[in-house]
Amino acid sequence: MDKEHIREFGYELGADAVGIAAITDYKSPLSPDPRTILNGVKSIIVMGYRENHGAVESENARISMASRMGGMELSLKNNYLMARYVEGQFGSKAAPVPFSYPLDMGAEVMGLFGDLSMRHAAVAAGLGVFGRHNLVINPRFGTRIIFTAILTDLPLSSDPPVQEDLCTECGLCVESCPGQALNEEGKTDQIKCLKASQPYGIGGAIRYFRKFTGASPEEQKALLKDSTLLSIYQAQFIGFQYTCWKCMAVCPACMES
């Protein structure tokens, strides 16, 4: 009954998918041990939020990113409310884990790995399977869904895993990736992905300022009017901005509104 109350509350908050995993079924080779986040953790509550088709397919990256930011803000609020619900209703501890930033920016990981792998948590919670693009394919929403999670010391059993292989192996994600980040099956080259999808992130900023410092005074004047500088400036207070959604947009699997 605890699981069904939690699931019902998640849907009431506006989540499009809610799954639960026992911590023993969560397997992520690169992310930290969840016990470093919550001592005595026993379960993960995973909530999914579908992407807007029009935003994912838009050629205007600002529109795509604005939609993603809306999903991130909703998930951040709902994670907090779900953690409060679990602690208030069941007397258990709960720790909400964000979908994206803040991230560990220490030298060992440099923001490349989250405190929890939402993809592995979603698979463990019966919300999907991995596709060729290394994203999770949900039986209803396909690849166009983001996941977020709450850790809790409330003991809960895992939902049944998805047994069907939902990936069509069409290869469109590999072919469409502008950074060639998916060439090696089973692995995403994150550096290549970030270079192509986040041109105004820290890597882009370093490249721009290196170019600026090595330029002549006249070239520097021109660079100060370059839209790249203003985009880097904008990214500083908006946060991570993606300009590529190709692997998600071309994936034909299970696209439902």
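Visitor: Is Ser43 buried or exposed?
Guide: Keep in mind that this is a predicted model. Ser43 sits in strand β2, residues 43-50. The cut-off for burial is under 20% relative accessible area. Ser43 has 0% relative accessibility, so it counts as buried.

Visitor: Over to helix α9, then. How far apart are its end C-alpha atoms?
Guide: The helix covers residues 227-238, which makes 12 residues. At 1.5 Å a residue it should span 16 Å. The model agrees with that, because the end C-alpha atoms of α9 are apart by 16 Å.

Visitor: Within what arc do the buried residues of α9 fall?
Guide: Those buried residues are Leu229, Ser231, Ile232 and Ala235. Look down the axis of α9 and they line one face of the helix, because they fall within an arc of 165 degrees.

Visitor: And what do the buried residues of α9 pack against?
Guide: The face turned away from the buried side carries exposed Ser227, Leu230, Tyr233 and Phe237. On the buried side, the residues of α9 pack against α7 (202-213) and α8 (217-224).

Visitor: At the start of α9, which backbone nitrogen does Asp226 reach?
Guide: The contact comes from a side-chain oxygen of Asp226. That oxygen gets to within 2.7 Å of the backbone nitrogen of Thr228.

Methods: Residues are numbered from 1 along each chain as its sequence is written. This is a predicted model: local features need pLDDT of at least 70, side-chain atom pairs count only at pLDDT 80 or more; totals for chains, interfaces and linings use all residues. Side-chain values use heavy atoms; hydrogens and water are left out. Helices (H or I, at least four residues) and strands (E, at least two) are DSSP runs, numbered from the N terminus. The expected span of a helix is 1.5 Å times one less than its number of residues. Buried means under 20% relative accessible area, exposed over 50%, partly exposed in between (1.4 Å probe, protein chains only). The arc is that of the directions from the helix axis to the C-beta atoms. Contact means heavy atoms within 4.5 Å. A polar contact is a pair of N or O atoms within 3.5 Å; within protein, one must be able to donate a hydrogen and the other to accept it, and residues adjacent in sequence count only if both atoms are side-chain atoms.
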